[in-house]
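Good morning, colleagues. Please keep the sequence and the structure in view while I speak.

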Amino acid sequence: MRFYIETYGCQMNEYDSQLAEYELLRSGHEKCISPEEADLVIFNTCTVRKSAEDRVYGQLGHMKRYKKKRTIMVGVIGCMAQKSGQKLIDDVPHVDFVLGTDHLNDITRVVRFLQEHPGEKIVLTDQDDAFLETEELPRKEAGLSEFISIMRGCNNFCTYCIVPYVRGRERSRDPKRIIEEIMRLVAGGTREITLLGQNVNSYQWGKTDFLKLIRMVHDIKGLDRIRFTTSHPKDMSPEILQTLMAMSKVCNHYHLPLQSGSDTILKAMNRKYTEAHYRSLVETIRQADPLASITTDIIVGFSGETDADYKKTKEMMQFAQYDSAFIFKYNPRPGTRGWEIADDVPVPKKQQRLEELNAVVKETSDKRNALLLGEKVEILVDGRGRSSDIQQKGRTGSNKVVVFDSEEDLYGRLITVTITDAVGWTLFGKMASI
Ligand code: SF4
């Protein structure tokens, strides 16, 4: 069959779509680039925000029209599939299968069964730990930069978040398998890896915790860069940060989701850290490496957020001087504890706070980029620029894109550039050395 996968949500979903894609390719199915050409259309869904769910329901509605014209199979996988299960088929009867987050490797078996039994429906949403042990991406070739899943699930139950209910409790992968997977990738040409998990700091396999795992990865010869996402501030400490910052391969980009700068709201969100603790993390990074980047996620208008609470978030943003931030208006999700609590901040107020904080982050981000002017930074060259034949681009350890000119194709090389200009999110550089 010709298949098309549409992905919503986070990097974990992107990773899962790749898993589903490789499973299907391995079984002889063929990838295509639009639903119009496909015999099998799969939606890998997110349920963290209502808008993402609404978009999927909208797309599923279009599928009914497609199905009237020709025979296609429609599947829903990922978090929304896990949360809604059979209800998805009850709501949208032209959906053929629903696979929860632990059933991606069942996809070819399910597709084959439905080819042989047209009209049947399949829903698989139970938790299956065996999936974790088989989830290595059977990549055809190693990319320059690759994601490696190290754990799944989350035990934190933040008041607003659906993830622990749809992705289940924390389960870590065997470090031996993680290291073997990375070594294979490095042998194939990978220079940079990102360790991926809902809360990587909670990684634990026997006596191997996150720091021990990072040290093992750091020892892999031929690997140049290590990134990780996502960290939980409650599990980060100045000491852990100092240890990470002392490791030469660990990139100087720290994504620390703040969510709110008010202790009252952090408590209501069940985040289990304080504004003072968060501030100590920012201080540690800024003192040790002024050019490191710090990015964050923020929710405005959480239940009970007063003007004073909001002001504290704004103050923290000004203190942290974020390089970038994802800022969202609070929207309670069914199935979370937040759903039971009054959503009492009026929408116009949420909107006003969102716009103000977006302006703050634009200002701090411009300032952070301006700090790099004249600095020599190392970048990993990962592709071509758009403006001319000789323009190339790469990424700093702090995760900023730098474009520069070179006649020689430097793809895959670590080079040093001097930053000459900053326009919006893009930096411009001049080659200093290879
Ligand atoms: S740490 Fe909180 S926000 Fe992050 S996935 Fe877990 S419950 Fe959700």
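Helices α12 and α13 are roughly parallel to each other, a label for angles under 35 degrees, with over 145 counting as roughly antiparallel, 65 to 115 as roughly perpendicular and the rest as oblique. Helix α12 spans residues 275-288 and helix α13 residues 307-320; they pack at about 15°, with axes 10 Å apart. Axes are lines fitted to C-alpha atoms, for helices over the stretch in contact, and angles run from 0 to 180 degrees between N-to-C directions. Helices (H or I, at least four residues) and strands (E, at least two) are DSSP runs, numbered from the N terminus.

On the α12 side the contact is made by E275, Y278, R279 and V282, and on the α13 side by K312, M316, F319 and A320. Contact requires C-beta atoms, placed from the backbone, within 7 Å. By class, five of these residues are nonpolar, none polar and three charged; Ala, Val, Leu, Ile, Met, Phe, Trp, Tyr, Cys and Pro count as nonpolar, Asp, Glu, Lys and Arg as charged, and the others, Gly among them, as polar.

A word on the source. This is a predicted model, in which local features need pLDDT of at least 70 and side-chain atom pairs count only at pLDDT 80 or more, while totals for chains, interfaces and linings use all residues. Residues are numbered from 1 along each chain as its sequence is written.

I turn to the sheets. In what order do the six strands of the open sheet lie? The order is β2-β1-β3-β4-β5-β6, with parallel pairing; strands pair if DSSP finds at least two bridges between them. At the edges, β2 (30-31) and β6 (122-124) each pair on one side only. Helix α1 (residues 11-26) packs on this sheet, touching β1 (2-7), β2, β3 and β4, and its direction makes about 175° with that of β1. Helix α2 (residues 50-69) lies across β1, β3 and β4, at about 170° to β3.

Another open sheet has three strands, β7-β10-β13, also paired in parallel. Its edge strands, β7 (145-149) and β13 (225-229), have a single partner each, so one side of each is left without a neighbour in the sheet. From one strand to the next, the twist averages 25°. Five bridges join β7 to β10 (residues 192-196), and E146 stands opposite I193 in β10. Helix α8 (residues 175-187) lies across β7 and β10, running at about 165° to β7.

Terms used
Two residues are in contact if their C-beta atoms, placed from the backbone, lie within 7 Å.
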